[in-house]
Amino acid sequence: GAVTVHHGTVYFSHFADQRLYRLAPGGTPEPLTPAPGDGTRWRYADGGVDAARHRWIGVRQAHMPGGLVDNAVVAVDVAAPGPGRVLVDGSDFFAAPRLSPDGRMLAWVSWNHPNMPWVGTELWVAEIAADGGLGERRKIAGGDAESIAQPLWSPDGVLYLISDRNGWWNLYRCDVRVD
């Protein structure tokens, strides 16, 4: 997921420098994330637009001096560009951060070494707090022997996912709406 389009504006990760850019119709690309500096390089992918909060939410890899790599789900404020506010961290890898249609919840997939994503992943959800951070996180599916893929919200707020929990890839639904 190197690109997403929202109301005609394109948000993309540029291969040459791995920065996140915004391209409005008829405009020129504007960088939303910093140029590499002090030895840290950021890479962005798999994002979407949180229109209510004027930000892009996606996966960020921070490549630091000494070969350390830190992965997180971040929010990049499109009005005040920067490396992004960390929303979720603590796992080795993240994928598929997806905002619910009403903008009240975020779902994401995470996993840790030695698992590969087709071996064992976890699907998490959390409410978005008033300050734009995340509230209490809840694991709703997955584990070391279950792989979760492609979480997507339906227009009515139901979360769908693909799981191999019974040995075969099947579609499941989880009602995790906030009342």
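**Close-up views of a predicted model**

The structure holds 7 salt bridges, a salt bridge being a side-chain nitrogen of Lys or Arg within 4 Å of a carboxyl oxygen of Asp or Glu. The model is predicted, so that local features need pLDDT of at least 70 and side-chain atom pairs count only at pLDDT 80 or more, while totals for chains, interfaces and linings use all residues. Residues are numbered from 1 along each chain as its sequence is written, and side-chain values use heavy atoms, with hydrogens and water left out.

View 1. The closest N and O atoms of D46 and R98 are 3.0 Å apart. D46 is buried, with a relative accessible area of 18%, whereas R98 is partly exposed at 24%; buried means under 20% relative accessible area, exposed over 50%, and partly exposed in between, with a 1.4 Å probe and protein chains only.

**View 2. R53 forms a salt bridge with D50, and K139 forms one with E122.** In the pair of R53 and D50, the closest N and O atoms are 3.0 Å apart. D50 is buried, at a relative accessible area of 1%, while R53 counts as partly exposed at 27%. For K139 and E122 the corresponding distance is 3.7 Å, and this pair links distant parts of the chain, with K139 in strand β12 (residues 134-142), E122 in strand β11 (residues 122-128) and a separation of 17 residues. Both partners count as partly exposed, K139 with a relative accessible area of 43% and E122 with 22%. Salt bridges that share partners also join D50, R53 and R55 into one network.

**View 3. An open sheet is formed by 4 strands in the order β1-β2-β3-β4, with antiparallel pairing.** Two strands pair if DSSP finds at least two bridges between them. The edges are taken by β1 (3-6) and β4 (30-31), each of which has a single partner strand, so one side of each is left without a neighbour in the sheet. Strand β1 is joined to strand β2 (residues 9-13) by 4 bridges, and the two run antiparallel. The bridge partner of V5 in β2 is V10.

**View 4. Among the 3 aromatic pairs are F12 with Y21 and F93 with W111.** Rings of Phe, Tyr and Trp (its six-membered ring) pair if their centres lie within 6.5 Å, and planes under 30 degrees apart count as stacked, over 60 as edge-to-face and the rest as tilted. The ring centres of F12 and Y21 are 5.5 Å apart and their planes stand at 15°, so the pair is stacked. Y21 counts as buried, at 10% relative accessibility. F93 and W111 are likewise stacked, at 5.5 Å centre to centre and with 20° between the planes. Because F93 lies in strand β9 and W111 in strand β10 (residues 105-111), this pair ties together parts that are 18 residues apart in sequence. F93 is partly exposed at 25% relative accessibility, whereas W111 is buried at 12%.

**View 5. The largest pocket has a volume of about 190 Å³.** On a 1 Å grid over the protein atoms alone, a pocket is an open set of points with protein on both sides within 12 Å along at least five of seven lines, a cavity is a set where a 1.4 Å probe fits but cannot get out, and lining residues have an atom within 4 Å of a point. Grid points are joined across faces, edges and corners, and a volume is the space filled by probe spheres set on the points. Residues lining the largest pocket include D50, I57, R98, L106 and W153. Two or more lining residues come from each of β5, β9 and β13 (148-153), and β5 gives the most, with 4 residues. The lining divides into 8 nonpolar, 2 polar and 2 charged residues, where Ala, Val, Leu, Ile, Met, Phe, Trp, Tyr, Cys and Pro count as nonpolar, Asp, Glu, Lys and Arg as charged, and the others, Gly among them, as polar.

**View 6. The structure holds 1 cavity of 30 Å³ or more.** The largest cavity has a volume of about 40 Å³ and is lined by 13 residues, of which G1, A2, V3, G47 and W56 lie nearest its centre. At least two lining residues are supplied by each of β1, β2 and β5, with the largest share, 4 residues, coming from β5. This lining divides into 8 nonpolar, 4 polar and 1 charged.
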